[in-house]
Amino acid sequence: MANLIVGATGRTVTSGFLKSVLQNGTGRYVCQLQRITLKFCKASGQSRGVRDYVENHLLDFAAANPGVVVYVTPKPEIHARLVAEYLNGEVHTVFVDKKSAEEIKQHVQSLVWRSGLPLVRLRKTQHTETPSIQGQWTPFTNRPASSTVALEERLKRLKT
Amino acid sequence: MAGLGRNCVLCARKSLLFHRSCLTLTRTQIPLASEVVVTQVRGTKRWVRPYLQTLLNRINKENEWLGPLPPQPRSSKINWNYESELFAFGPRLGEKLNMNTLRAAFTDRSYVEQEEERRRELGLPLEDVKLDMQDNSHLSEQGWELTTNYIYRFIRAEFPLLPEEGVKAIHDYVTQEDMLVWIAKHLGVKDLIRCSTFPVPPPVTKQVFLAIIGAVKHDQGPQRAEAFVQDFVVAQLVGKDVNAMWDVPNPMGMLAEVLQKEGRGEPEPRIINQSGVNTVTPVFCVGVYSDKELLGEASGDTLPKAVEEAARVALANMFKTHEGRKPLALDTRLKTMAEITGKTQYLENKS
């Protein structure tokens, strides 16, 4: 999480433009979250929210997102976390110690909506690969061919 | 010292004590049991830090010797269920696919052979060695046929004036192995492939991707499979320069041919503008004319380059693949083939 670095300013954080993976959305939208693993402790108080989430919300989530594979792996004495794996191979981890089930639900939803690309500071909220359909301006743009000749003649006249 | 260990080779777990280190350490450092005197001392354990430091040094040294760990398949991890992953594949792409078809599509021939070989080594009777397992050769053939047909039709409908060589060049670009492997990788195909070798070779990935298209055709019909090809394969043309895909060796010669076929005058390159001719950075702006009509213009730092580039621009203008043309018809209104055919007829009537 680049924006959590202490002392990070707008210049130290990696910046970039909006991107899409594999032209996603041109034809149809493909959810980029491939699988999500819930790791938590069965006994610890800090994992209580995750256990609550598993009991009350996880089945609804799995039913609503059949394209996401859900793994639940309890492990003693570990920090509760959500490990999200994306189609582009990236893995993102969210630590959810002491978070309530509602908060975890929101975290999971944000993982579903993400593209899997690294989090960067966006320089602009919109982006295009073709900034100008007219093309780059050059000194010759919109200049009629004959004008060179006319210019030379005028220069000659000025000299004489 | 946190994050000290990496995944252990022997037990595939993240552990502080790297097993190959531990083996050598125990062999050398633990003294005989009779010599050990166990005493309990309370207070700061001053031996812990140097001990861990020694371990770390040893691990670092071993990592230097052995180099980076080889890539491991995703299926080697503990949270992996092939059936669940296979089930999620269809809904992810919005397709209703039969699990058996999908399983066949992901199975390479080499995997079946490997399994049969394993059975043979176990000493099973010959009639049991033969596996009743489908591989993807048939499905991938079907998928390739459909893909290549659809892409040709789509490009012809989009660029009706482009000669067949150009159409073929665009088709070859969009169906090249690197492109199909790239698409397959981003649809989550890579982890599901059943193949005898790892990492999975690119030709196998390509074949599996085509087999998936074949599976969509098998389960949901050709129209749905064509939509699949359009959404995932043809969509990769967005934002790409179509003219760069077709390498014309002699653009001026081709331009002359095309003009002659249309009964127009010969192409005539002329300098429209120039600047800094006697400097190290000259610019020549050349226009190509035919019957006093400007076909295209381009600039270059030498005259032959500018002329060639201008001829390319003129060709692009004539074939209607120029910059600033209408975007590809990838929207939902033109999804069905009937509508695309209608569009072709409309364009033909118009031209």
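What follows is a short exchange about a predicted model.

Colleague: Why is Val120(A) called partly exposed?

Modeller: Val120(A) has 15 other C-beta atoms within 10 Å. Buried needs 20 or more, and exposed needs 12 or fewer. The value falls in between, so Val120(A) is partly exposed.

Colleague: Where in chain A is Val120(A) found?

Modeller: In the loop between helix 3 (101-113) and strand 6 (121-122) of chain A. Its C-alpha atom is separated by 30 Å from that of Gln46(A), 74 residues apart along the chain.

Colleague: How do you know which residues of chain A the domain covers?

Modeller: That comes from an unreviewed UniProt entry. Its annotation "domain: Ribosomal protein/NADH dehydrogenase" covers residues 42-115 of chain A. Such an annotation may be inferred rather than shown by experiment. In the model, that span is 39% helix and 23% strand. Its end C-alpha atoms lie 31 Å apart.

Colleague: What makes up the secondary structure of chain A?

Modeller: Four helices and six strands. From the N terminus on, they run β-β-α-α-β-β-β-α-β-α. Of the 160 residues, 19% count as buried.

Colleague: Now chain B. What makes Ala105(B) stand out in the largest nonpolar core?

Modeller: Ala105(B) is among the residues with the most contacts inside that core, along with Val208(B), Ile212(B) and Val229(B). The core has 68 residues. Helix 10 (residues 202-220) of chain B gives the most to it, with nine residues. Leaving aside neighbours within four places in sequence, the contacts of Ala105(B) include Val208(B), Ala211(B), Ile212(B) and Ala215(B). A contact means C-beta atoms within 7 Å, so each of these pairs meets that cut-off.

Colleague: Which strands of the open sheet in chain B stand at the edges, and why?

Modeller: The sheet has three strands in the order 1-2-3, with antiparallel pairing. Strand 1 (268-275) and strand 3 (293-300) of chain B each have a single partner strand, so one side of each is left without a neighbour in the sheet. That makes them the edges.

Colleague: How do you know that strand 1 and strand 2 of chain B pair?

Modeller: Count the bridges. Pairing needs at least two. Seven bridges join strand 1 to strand 2 (residues 283-290) of chain B, so the two strands pair. One of the bridge partners in strand 2 is Val286(B), which goes with Ile271(B).

Colleague: What packs on this sheet?

Modeller: Helix 14 (residues 303-319) of chain B, touching strand 1, strand 2 and strand 3 of chain B. Its direction makes about 135 degrees with that of strand 3.

Note on methods. Residues are numbered from 1 along each chain as its sequence is written. Chains are lettered from A and ligands numbered from 1 in the order in which they are written. This is a predicted model: local features need pLDDT of at least 70, side-chain atom pairs count only at pLDDT 80 or more; totals for chains, interfaces and linings use all residues. A nonpolar core is a set of buried Ala, Val, Leu, Ile, Met, Phe, Trp, Tyr and Cys residues joined through C-beta atoms within 7 Å. Two residues are in contact if their C-beta atoms, placed from the backbone, lie within 7 Å. Axes are lines fitted to C-alpha atoms, for helices over the stretch in contact, and angles run from 0 to 180 degrees between N-to-C directions.
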